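Subject: the structure I promised, plus notes

Hi,

Have a look at it first, then read on.

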Amino acid sequence: MHTCPHCGEATIPAWRKSGATSLRPARCGRCGGLSYVSGWTHALASLLAEVALWGGIALAVALQRWAGLLVSILGLAAVVYLVTARSKLVAVAPEAVRKARARFVLEMLVAAAIVWGLYLAFGPGQGSG
Ligand SMILES: [Zn+2]
């Protein structure tokens, strides 16, 4: 269990902490406070997980030994350790979570509009008529 930044009690399970983001924060079972691991930690962890996974596979192929995959397994275990044990939970207010979710929806709409615009500009049907 990890310490809630609101009440200081150890109430956040490791599995919940590892998945706690600004969009989906962990909720304290005691005080109901919301908290998450900073976005940079998740971005860094994703990058390291990719490097560990593909590095181990490349090593296994290069050495022609399954033992290379141990690098992937150990690397991924290290990433999980980094996120759950070495990172701090940041307290967040419910309004901030609502704003982060609204911003995320807006970003998705903008991304969809850009993809739709590219499709209209360069998609099938252009230049054939
Ligand atoms: Zn709490």
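Let me start with a side chain on the outside: Arg98 counts as exposed, because its relative accessibility is 54%. The classes I use are buried for under 20% relative accessible area, exposed for over 50%, and partly exposed in between (1.4 Å probe, protein chains only).

Some housekeeping before the rest. This is a predicted model, so local features need pLDDT of at least 70 and side-chain atom pairs count only at pLDDT 80 or more, while totals for chains, interfaces and linings use all residues. Residues are numbered from 1 along each chain as its sequence is written, and side-chain values use heavy atoms, with hydrogens and water left out.

**Salt bridges**

Arg98 pairs with Glu95 in a salt bridge, at 3.8 Å from N to O. The rule here is a side-chain nitrogen of Lys or Arg within 4 Å of a carboxyl oxygen of Asp or Glu. Both Glu95 and Arg98 sit in helix α4, three residues apart, or about one turn of the helix. Glu95 is partly exposed, since its relative accessibility is 46%.

By this rule the count is two. The other pair is Arg103 with Glu107, where the N to O distance is 3.8 Å. Arg103 and Glu107 are about one helical turn apart because they are four residues apart in helix α4. Arg103 is exposed at 52% relative accessibility, and Glu107 is partly exposed at 43%.

**A nonpolar patch**

Leu106, Val110, Ile114, Leu118 and Phe122 make up a nonpolar surface patch, together giving about 540 Å² of accessible area. Patches take residues with over 30% relative accessible area and no salt bridge, joining like charges within 9 Å and nonpolar side chains (Val, Leu, Ile, Met, Phe, Trp, Tyr) within 5 Å. The areas are Shrake-Rupley values with a 1.4 Å probe, and for residues only the protein chains shown count as cover.

**Overall shape**

The protein chain has four helices and five strands, in the order β-β-α-β-β-α-α-β-α along the sequence. These are DSSP runs numbered from the N terminus: helices are H or I with at least four residues, strands are E with at least two.

The radius of gyration is 21 Å, whereas a compact globule of 129 residues would come out near 14 Å. That radius is taken over C-alpha atoms, and the globule rule is 2.2 Å times the number of residues to the power 0.38. Along the principal axes, the C-alpha atoms fill a box of roughly 65 × 50 × 15 Å.

Buried residues account for 26% of the 129 in the chain. The accessible surface is about 9000 Å², with 67% of it belonging to carbon and sulfur atoms. Of the contacts between residues at least 6 apart in sequence, 50% join residues at least 24 apart; contact means heavy atoms within 4.5 Å.

**The core**

Which residues form the largest nonpolar core? There are eleven: Cys4, Ile12, Ala20, Ala26, Cys28, Leu34, Tyr36, Val37, Leu89, Val92 and Val97. Strands β4 (34-37) and β5 (89-92) each supply at least two residues of this core, and β4 gives the largest share, with three. A core, in this sense, is a set of buried Ala, Val, Leu, Ile, Met, Phe, Trp, Tyr and Cys residues joined through side-chain atoms within 4.5 Å.

Leaving out neighbours within four places in sequence, Leu89 contacts His2, Thr3, Pro5, Ile12, Lys17, Ser35, Tyr36 and Val37.

Thr41, in helix α2 (residues 39-63), counts as buried because its relative accessibility is 18%. Beyond residues up to four places away in sequence, Thr41 touches Val83 and Ser87.

Ser87 is in the loop between α3 (69-85) and β5, and is buried at 10% relative accessibility. With neighbours within four places set aside, the contacts of Ser87 are Lys17, Val37, Thr41 and Leu82.

Glu50 is also found in helix α2, and is partly exposed, with a relative accessible area of 45%. Glu50 and Ser72 are 22 residues apart in sequence, with 9.1 Å between their C-alpha atoms.

Cheers
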